[in-house]
Amino acid sequence: MADEVILLDYWASPFGMRVRIALAEKGIKHEYKEEDLRNKSPLLLQMNPVHKKIPVLIHNGKSICESLIAVQYIDEVWNEKSPLLPSDPYQRSQARFWADYVDKKIYEVGKNLWTKKGEEQEAAKKEFVEAHKLLEQELGDKTYFGGDKIGFVDVALIPFYTWFKGYETFGNINVEKECPKFIAWAKRCMQVESISKSVPDQDKVYGFMVEIRKKFGLE
Amino acid sequence: MATANQEEVRLLGKWASPFSNRIDLALKLKGVPYKYSEENLANKSDDLLKYNPVYKKVPILVHNGNPIAESLIILEYIDETWKNNPLLSEDPYERALARFWSKTLDDKILPAIWNACWSDEKGREKAVEEALEALKILEDEIKDKKFFGGETLGLVDIAANFIGYWVYILQEIAGLELLTLEKFPKVYKWSQEFINHPVIKEGLPPRDELFAFFKASASK
């Protein structure tokens, strides 16, 4: 029976990128539908009535919402290759913990870094560096958070790297100087095919951030 | 039942916290013996800081010396480690739904209700409106199921312990009528099933003490 897989997404969304990476890693044929977030499609509103957000994964007509939940779903259904979560329950709990940390912390501190000014921005810079240093500590000497191959945490985190040019420019921060191990990890990830072919380049995202700042008068 | 030798299960928690209580409920449902230590968040123990350096919060489950933090993550760990009375279905889609609803409870529904109960005069109307919207989302989801998981209690029901028990206490203290039989009959009915479940009944903190605890917080 042929599987029908559709992804409702927005090209610049780090959350959407997570699902794209998971689909690519597993070699899952799917249809990508770009949403206009100012004019959401009836399909999106029908498939995610509670939050009305992307990404939404639709598998044989059933919708799975929330990026990390969709990635776990993909890992569980297409389980014959490239496992993203470890098999040991304790290791799994730690992978979930750090992916959840990315959700709770990384998105917020990044956002504050490029949208705030003055004291608030200074505070955001400090938090940004602290958070990435903590992640460096968690990575340790491993090649990826998943070990020898990319795993759940790598997939959760790497999309935010595509926003770094904007973070650095508007946030006035040199991430490589502050967190060299983090940048080294990110560059290794960008060499992984399922990641590099699933995410936009930093220049394109930077252009998008410039537009947003103009639109919302953040300059 | 919990297996064998060298099995040490410890829960660092706070008796009045619904997040901490979720772990008590799950361990009791699985029949896992554990040691409980009450944490004073104004004076955090060395163990708390050692086992959860990132957030410095409870609950924390420590299993054979390995700590796990964040209640929903702990619940999944418990379910994967002790296989009896499963909290999650084996079907990946059902699991995704359960995870979605647990997360929605934490991200959207609980905060809306909590804010309404603690709102001041100025923000009250809007906060109450959002709380009622949040309860409507649950009402539409529970439909005529006995539990969120279906016939048996599962992950979402445990995650919704705040809705089943804490909401009644908090809304009374705040002088609000958020969750009532008239407004949300299905969620109300679910809450009665929930608190009358034999294991849950024994696992929830005593109502009078919980009421007194939050009433004291309200007058500060």
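What follows is a short chat about this predicted model.

Me: How many residues does each chain put into the contact?

Reply: Chain A brings 26 residues and chain B brings 23.

Me: And how much area do chain A and chain B bury between them?

Reply: About 2300 Å², with 66% of it on carbon and sulfur atoms. A:Val50, A:Tyr90 and A:Phe97 supply 26% of what chain A buries against chain B, more than any other three residues.

Me: How many salt bridges does the rule find across the interface?

Reply: Seven between chain A and chain B. As for a specific pair, A:Glu66 and B:Lys103 meet through their side chains, at 3.3 Å from N to O.

Me: Which element gives the most to chain A's side?

Reply: α4(A), with twelve residues on the side that touches chain B. By class, that side of chain A has twelve nonpolar, six polar and eight charged residues.

Me: Switching topic: what does β3(A) pair with?

Reply: β1(A) is joined to β3(A) by four bridges, antiparallel, and A:Val5 has A:His59 as its bridge partner. β3(A) also pairs with β4(A), again antiparallel and over four bridges, with A:His59 opposite A:Lys62.

Me: What's in the turn between β3(A) and β4(A)?

Reply: The hairpin has two residues between the strands, and A:Asn60 in the turn has a positive phi of about 45 degrees.

Me: Are the side chains of β3(A) buried or exposed?

Reply: Buried on both faces: A:Val56 and A:Ile58 on one side, A:Leu57 and A:His59 on the other.

Definitions and conventions. Residues numbered from 1 in each chain as written. Chains lettered and ligands numbered in written order. Predicted model: local features only at pLDDT ≥ 70, side-chain atom pairs only at ≥ 80, totals over all residues. Heavy atoms only, no water. Contact = heavy atoms within 4.5 Å. Buried area = accessible area lost by both parts, 1.4 Å probe. Salt bridge = Lys/Arg side-chain N within 4 Å of Asp/Glu carboxyl O. Nonpolar A, V, L, I, M, F, W, Y, C, P; charged D, E, K, R; others polar. Buried < 20%, exposed > 50% of the residue type's maximum accessible area, 1.4 Å probe, protein only. Pairing = 2+ DSSP bridges.
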